[in-house]
Structures are given as C-alpha cells and as structure tokens.
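Open the model in your viewer and keep the sequence panel beside it. The stops below go from whole chains to single residues and back to the place where the chains meet.

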Amino acid sequence: MLRRLFKDFRFGVLPVPGRVIAIVFFIFLFVFPLITRNSYYVNMMINASIFVIFAVSWDLLGGYTGQVNFGHALFFGVAGYASGMLGEYLGWPLPATMIVGMLAGVAAGAVTCFPALKLRGPYLSLLTLAFPLMLVPLILYFRDYTGGEYGLNQLPRIAESLAGRYYICLILMIVSVLIMWKLTDAGSRYVRTGLIFHAIREDEIAARATGINTIRYKMLAFMIGGFFAGLAGVLYTHTQGGASIYMLTLTMSFQAIIWVIFGGIVSIYGGVVGVYVLYPLVYLSYDVQTFFENIHRAIPRSMGPLLNIMAFLEKLTIFPQLVLAVIVILILLFMPEGLAVLIRNKIERECPRCKLTNAAWRKDCRACSASLR
Amino acid sequence: MAAQLLIYTVMHGSVYALLAVGFSLIFGVARILNMAHTAFCVLAAYVLYNLVSPVWRIELGLAPAIIISVVAVTLLGMLAYKFVIDRVREHHGAVLLVTIALAIFAEQALTMRFLNTSASIDYFITGYTVVSGVKILNDYILILGMTAVLITAVHLFLSKTKMGIAVRAVANDTEVANLMGISPSRILLITMTMTTALAAIAGVLVAPTGLFHTPATWGNWLLVVMVIVVIGGLGSIKGSIVGAAVVAFVEALCIYDPLKLFGSGTAYLMSTFVLLAMVIVLIVRPAGLFGTLFEEEKL
C-alpha cells in the first residue's frame, strides 16, 4: 500500500510540474499556522479556504454546467443564517445546525432551479441575481428574528482555538474540492456527471436528443452547488461567530465569479488559485499601505514626481476594489482563459499519442517516447 | 391619497423611464446587458457637481458645465465600448462582468475624490407647483418634460431616419443587416454613444433632486432599471415606459401604503416586491410585456 503510494508519487506527480506545485502549496498550507501565529494572517487563510469552497462550487454550476449564476451568495447566506438561527432560537447543538444549514443551501438551490430551468443566457443571470437581493429586505424587516443590520452575533464556533478552526476549514476545503473535482471530471469511468455537465453547457438540445434527462442533471448541478456553497456559508458563520447581510450582498456573489474567472473558468483548480491570489491581495491592502508609506518616507524630498507617485499608490491601497475592477477588466481582455490555466499550458504539454501530461521542456513523452515537438 | 399615488407614479416613473430607455435600447440592438448604464448617470451627476458646486472652486456657469459633463461622459462611454465591451461582446457572461467592473471602477474613482458626499447642486428651477393639493418640485416637472421630449426624439430617430432603421435592422437580424450593407460594429458604436448620452442627460437632470446620495447608488438604480426593462421587455421602448410606470406605482403603494398592510418598515420591503414582480414576469413570460425573444434564446 505504502509502496504503491510512493510509486504513484514518483511516476505520477514528480514528472508533472503542475502537480508538484500543487503538492508544495498544500504542504505550505498545512504548515502555515506553524510559520506564523499572528491571528490576523491565520484568519485570512481560514477565510481563504472557506471562499475556495464557495468559488469552486460556483465553477461547478456556472462554469461546468453553464448556468451562469449571479446570485450564488443566496446559498451561502441562507445556509449561514439557517444554521445560526437554529442554534440561537432552538438551542440545537452545533453539528446538527451545520448539517441543517447545508441542507438549507440545497433547498435554496432547488428553489432557484425551478424557475431557472426555463431560462438561459442573460435572462437566467438576471433571475438568479434577484433572489439574494429579495432576501436582504426581508431580513431587515424581520429584525426581531434575524438581528437586522447587526446580524446574528456570538454564535458558537467550530473550534475554540485558532489552529483548530484553521485545520477543520482546510481539511473540509480539500475534501470538498476533491469531491467536486471528481464530480466534474469528464474522463471519469465511475461518475457520469462530469461528462453530462459538459454536454449541457456545450449544447443542451443535443444533450437532450441523446437521451440525457437534462432537467434532472441541471437540478442536480444546482443542488450540488447549493450544498457546497452552503457548507462554505456554514463554516463562515461559525468561524466568524456571526452571520450578517454582507453574506447575501451582490459583492459576495460577484467575488466568487471574479475569483473563478481570474484563476480560470471550467477548471476546478482555477477557483483555488484565484482565491489564494486575490483574497490576500484585498485583505492585506492595509499592510501594503504601510509598506508604501515607509517607502514614501525613505524617498528624499528632492525627488518630486516619485513622491507624487507614491502618494497616489498609497491612496490606491485605500480602495482595493478599484484595483480589483481593473484586474477583472484586464483579465477578461487579455487572458480570458484565466491565470492558472495560462500558466499550466505554459509548463505542461499533452502527449499527442497517449494523452499523458508532460513537462513542457521534455523533448519526448515520458511513457510512449513520442516526440512532443 | 389617489392624487399622491398618481403624481408619485408619474414623476418617479418619468425618471425611471428615461434611465430604462437607454438600457433597453443597447440590449435590444446589441444584446449587451450594460450594467454600467446607471454608473454613467452617477458619473455625469458628479462631474456636473464638481464643475458647478462652490465646494470644488471651479464654479463654471450652468450651461457650459452641463454640456461638458454630458459630452465627457458620452465620450467615456464610447471609449469603454470601443476598448473594453466590444472585445468580449460574444460572451454574455463576460459582458456582464466587464460592465460591472467598469461600474465599480467608476464608483471607486468617484469615492476617491468625493468620499460619500451627495451630488447635490442647486435646483435648475426653484420652487414648487401645487397640483390638486400635492406639492411638486418644479425640477420634477422639468424632468417629466425632458423625458417626454427625449423619448419622442429616440422614437422618431428609430422610426423615421435611415440610421434609425439601420439600428432596428441590426437589432432584428445582425447577419442579414450586414449582408444588406450595414456595418454592425458601426451601428453598435452609435447605439452605445446614444444610450450613454441618454444616461448622462438623465444623470444631469436628476442631480439637483439629490437622488444620488453617494457614488455607490448606481447599484440601487441599476436594480430598478433592470426590473423595469425585464417587465416591459428587453429592447422595447414602449415596454420601458410601461415598466417604469408599473414599478413607480408599486413603489408608491409601498411608500403611502393606502391599505395599511405592513405598518412601519415598508420601505425595506419595497425592493422585495419590485424584484418579485420581475421574477414572476421572467418565469411567466421571459420576453416581457412587449419584448421579443430570439429563436436561439428559447429553451
């Protein structure tokens, strides 16, 4: 067993640079709390791993199945609020509320998909956009139960210690990303969903003509998306210790889409890369600002234009959303396939004969020695 | 009460209709959902505020300031279309994202300069008129008049001029229009310029009423415009007018609450009801009341 694992590692992982990078990165994630004990940074990484689940669940629904959902925050928020309110008012234990919260996410997915089954394209996007926005006023109106603008506070947390929370979120993230990866794997011999999701995205009418019950599989996609987004929402609620209407805002929905598009749509790892690059960028904008300020002070007063540039950069760091908007525009214009996919295509190449991935700098395939040039 | 309801509907409806016509037109012609449409309004209002208000010490006269802000925002819209939107036009998801990014960019840039101050300038015409016991600000009457003039102008342009007929041809069938010697890319650029100009004029007109509290208000306005256009039918001018009236009436019902259904806090529920109306229309009749659905958009 161990020998087989070692063999897999030696011949399946080491020769492919993308997999090596992934392994190194996950080892880094596992030792991260040992590197720094600063709760500011550990909290950032906890949120990042939660948002990975959220972003990847959007990719499954919006990327793979092609149901471009502009209201993914609905599942996130509904699950968080359901879990929080059950614990607060009915006194249920934490694991029970979390499971019911996730099921609430699934239910939200089911409710969304019934009208969504009839629509496509911009109409679908507009419809899904409306749902979380309809819920926000209701939450404000029933403030006695939901806490209104202040949200629910002082909810139980999944673990008391910071490191405990970190590892629970990290492991759940890895497990759910692996599950979603397998579910969307079009070449899989065991699960058909991946292939069918692809078929629905490419041509729904053709998929239906070949005998696939597309309605059932679209519902399935919405429910799986709802389940994992619900998991993310529940984890977010119970690591922050509270639920707020921020979880249902447009910003939340769009963040997921921006992360996925940045990393690479229709590739599960794209969402992972997108979150781990962009989320710290926005989160650490305050640090960047102090960094710029220090440089600013170090510059001698005689260099006028440089001082102005630094002052402008400092001002930019107060508005990270501005930088994010520019990044989104540039990404969509110049590399629509996404950062992670672009890098992967640069460092890996598929063998034309046996379809095995090779490092791009090899002359011939590592299995069948066919020429790669 | 009936007079209040009616006047609210007409006055706010005219603002909404002005905003919605442009949004509807660009969708109808180019199938672009321009989420930055209301951001252009807010931008125009703030440019005007910057040029006119004594706070910023430029203090241009009103007429040149209005012309400058409308022209500048229209040019910005053209540039945004030419260099950003046009390149991703084929994929509707990318168009939605890129226009939202443009809107956020505009919002944040405005916040950088103005923080959260309201774009409030002096009324164009001070004072109010009393109509059957209800006070109406003269500015609202000006907006009503301008809306009527602009929408009539757009309608005449689309139905009488050669260019307008070309725009409608592209909206109907881009490929056949291209075969008949119309350049779709040029028509789309013209439509985009026209709709941005409409947005800018709307922003300038609305600025004195203080409806733009902060640069971030574009989101609320966008929501209203989207609902109107979906109810009326994406791409139909008649639809936007009817939709605007419907939405303004629902809002008026929520605000004055003649049946005393909700007690306090009805204002919160306003957007829920308005959005619910949109969802119902989308489910029952995706094309809206007066819109048309292309064959490839059906399922």
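**Stop 1: chain A as a whole**

Select chain A: with 373 residues, a compact globule would have a radius of gyration near 21 Å, and the 23 Å of chain A agrees with that. The radius of gyration is taken over C-alpha atoms, and the globule rule is 2.2 Å times the number of residues to the power 0.38. This is a predicted model, in which local features need pLDDT of at least 70 and side-chain atom pairs count only at pLDDT 80 or more, while totals for chains, interfaces and linings use all residues. Residues are numbered from 1 along each chain as its sequence is written, and chains are lettered from A and ligands numbered from 1 in the order in which they are written.

The C-alpha trace of chain A spans about 70 × 70 × 45 Å along its principal axes. Colour by secondary structure to find 17 helices and two strands in chain A; these are DSSP runs, numbered from the N terminus, with helices being H or I of at least four residues and strands E of at least two.

**Stop 2: helix 11 of chain A**

Select residues 214–240 of chain A. This is helix 11, with 27 residues and a reach of 38 Å from its first C-alpha to its last, close to the expected 39 Å; the expected span is 1.5 Å times one less than the number of residues. Because 22 of its 27 residues are buried, helix 11 of chain A is largely enclosed by the rest of the structure.

**Stop 3: chain B as a whole**

Now select chain B, which has eleven helices and two strands. Its order along the sequence is α-α-α-α-β-β-α-α-α-α-α-α-α. The radius of gyration of chain B is 19 Å, close to the 19 Å that the globule rule gives for 299 residues, so chain B is as compact as a globular protein of that length.

**Stop 4: the hairpin**

Strand 1 (residues 128–131) and strand 2 (residues 134–137) of chain B pair in the antiparallel sense over four bridges; pairing requires that DSSP finds at least two bridges between the strands. Pick Y128(B) and its bridge partner in strand 2, L137(B). Two residues lie between the strands, and S132(B) in this hairpin has a positive phi near 40 degrees.

**Stop 5: V42(B)**

V42(B) sits in helix 2 (residues 37–52) of chain B. Is V42(B) buried or exposed? It is buried, with 30 other C-beta atoms within 10 Å. Leaving aside neighbours within four places in sequence, the contacts of V42(B) include F212(B), P215(B) and W218(B); a contact means C-beta atoms, placed from the backbone, within 7 Å.

**Stop 6: where the chains touch**

Show both chains again. The contact takes 33 residues from chain A and 37 residues from chain B. Which helix of chain B gives the most to the side that touches chain A? Helix 4 does, with 15 residues. By class, this side of chain B has 27 nonpolar, eight polar and two charged residues. Here Ala, Val, Leu, Ile, Met, Phe, Trp, Tyr, Cys and Pro count as nonpolar, Asp, Glu, Lys and Arg as charged, and the others, Gly among them, as polar.

Conventions:
A residue is buried if 20 or more other C-beta atoms lie within 10 Å of its own, exposed if 12 or fewer, and partly exposed in between; C-beta atoms are placed from the backbone. Two residues are in contact if their C-beta atoms, placed from the backbone, lie within 7 Å.
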